[in-house]
Amino acid sequence: MLDNIRIVLVNTSHSGNIGSAARAMKTMGIHDLVLVDPAELPDGRATAMAAGAVDVLANLRIVPTLSEAVADCGLVIGSSARSRTLEWPLLDPRQAGAQAIQEARQHKVAFVFGRERTGLTNDELQQCHYHVCIPANPQYSSLNLAMAVQTLCYEIRMHALAAEANVAEIDEEQVYPQQLELDRFYIHLEQTLRDITFLRPDHPGQVMGKLRRLFNRCRPDSQELNILRGILTAVQKGRRNT
């Protein structure tokens, strides 16, 4: 199950932090690391901070966008320390670890970490099914990137060990779509809403953000998503025939 866990670091500013995160991952048995548009490529500082986790660095992937990093994932959880205007389904680290291991039996699961100073943008967080917040001391909540990665990887590992000791039956009929399929659905949905003039051309993002939150909360499975895509296609055909 841990082989299906992916750590995604977005726009990391210091290569040493990449190495520290790799070390935190490997101590918990997680090896899949993806960097999104890092400000600095991994170098000698990353290798030094990785200590014995240089294999994680050697096998990491670098991609230009978050969408590409999570395209093959069925569950995406974004780390956020700030409250947002648009509320999103929120997990604590223990709940996030449990959810990740439950779904890692079936598909890839990504944990996304943002920039050291500013975290993830609202647009990036909207690409996540859930947000996770580490309940640190509110008087001193200064967690560096590697600390945050270590905390969540620990929770993931603890739930993986518990699952190995008590293997549960899997509902084979409920298969969730990969993130790439969801992205295509949201594009299809927005196109259809534009076709029927439901969206306001000057503020399409407000409605689409709320619809993303709705569907992320509902978590349609692959069959349900296909039904929704079929409905959108039928609406578009009906619109063209009128």
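## A tour of rings and cysteines

Start by selecting Arg-219 and Tyr-176: the charged end of Arg-219 sits over the ring of Tyr-176, 4.1 Å from the ring's centre. Keep in mind as you look around that this is a predicted model.

Next, let's visit the aromatic pairs. A pair of aromatic rings is described by the distance of the centres and the angle of the planes. The count for this structure is two aromatic pairs. For one of them, select Phe-185 and Tyr-186: the ring centres are 5.5 Å apart and the planes meet at 50°, so this pair is tilted. Phe-185 has 2% relative accessibility and therefore counts as buried, and Tyr-186, at 4%, counts as buried too.

Where do the two residues lie? Phe-185 is in helix H8 (residues 179–195) and Phe-215 is in helix H9 (residues 204–218), so the pair ties together parts that are 30 residues apart in sequence. Like Phe-185, Phe-215 is buried. Now show Phe-185, Tyr-186 and Phe-215 together, and you have one aromatic cluster in view.

Last stop: the cysteines. Cys-73 counts as buried because its relative accessibility is 0%.

Technical notes. Residues numbered from 1 in each chain as written. Predicted model: local features only at pLDDT ≥ 70, side-chain atom pairs only at ≥ 80, totals over all residues. Heavy atoms only, no water. Phe/Tyr/Trp six-rings, centres within 6.5 Å; stacked < 30°, edge-to-face > 60°. Buried < 20%, exposed > 50% of the residue type's maximum accessible area, 1.4 Å probe, protein only. Helix = DSSP H or I, 4+ residues; strand = E, 2+ residues; numbered from the N terminus. Lys NZ or Arg CZ within 6 Å of the ring centre and 35° of its normal.
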